[in-house]
Amino acid sequence: MKTFGIAALAAAVIAGGVSVVHSAGPTDELARNAFRQILSQADTDKDGKLSVVECKAIYKDAAMAERNCTFWDVNKDGTITEDEYASQAMGMGKRK
């Protein structure tokens, strides 16, 4: 598994979306596409969700993995769904 590549891809897609919509956050479509790209490489059990364990495997830095994967798992059930990811990503440009 490419650890840094997936995280960099996610950040680039989200960051690109933020600049396109003038800091209002990425569009729902852009966020969902980013999640699907991450999922295609990181969803090792192919269940259509990203477990926190699968999420943490993306990162080289354990502290960053904990922080980011906890952020994406909105309902704290141990899995990150496309809806959770999109919701959090779309709100990124709105946070101060």
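The accessible surface of the protein comes to about 5500 Å², and 59% of this area belongs to carbon and sulfur atoms. These values, like those that follow, were computed from a predicted model. Of the 96 residues in the protein, 36% are buried. The secondary structure comprises five helices and two strands, which follow one another from the N terminus in the order α-α-β-α-α-β-α. Among the contacts with a separation of 6 or more, 53% are accounted for by residues 24 or more positions apart.

The largest nonpolar core contains 18 residues, and those with the most contacts inside this core are L50, I80 and Y85. At least two residues of the core are supplied by each of α2 (28-42), α3 (52-56), α4 (62-72) and α5 (82-91), with α2 giving the most, namely six residues.

A charged residue, E84, was examined separately. E84 lies in helix α5 and is buried, yet has no salt bridge. The nearest side chain of opposite charge belongs to K76 and is 7.4 Å away, whereas a salt bridge would require a side-chain nitrogen of Lys or Arg within 4 Å of a carboxyl oxygen of Asp or Glu. With residues up to four places away in sequence again not counted, the residues that E84 touches are W72, D73, V74, N75 and T79.

Key:
Residues are numbered from 1 along each chain as its sequence is written. This is a predicted model: local features need pLDDT of at least 70, side-chain atom pairs count only at pLDDT 80 or more; totals for chains, interfaces and linings use all residues. Side-chain values use heavy atoms; hydrogens and water are left out. A nonpolar core is a set of buried Ala, Val, Leu, Ile, Met, Phe, Trp, Tyr and Cys residues joined through side-chain atoms within 4.5 Å. Buried means under 20% relative accessible area, exposed over 50%, partly exposed in between (1.4 Å probe, protein chains only). Helices (H or I, at least four residues) and strands (E, at least two) are DSSP runs, numbered from the N terminus. Lys and Arg count as positive and Asp and Glu as negative; His and the chain ends are not counted. Contact means heavy atoms within 4.5 Å. Accessible areas come from the Shrake-Rupley method with a 1.4 Å probe; for residues, only the protein chains shown count as cover.
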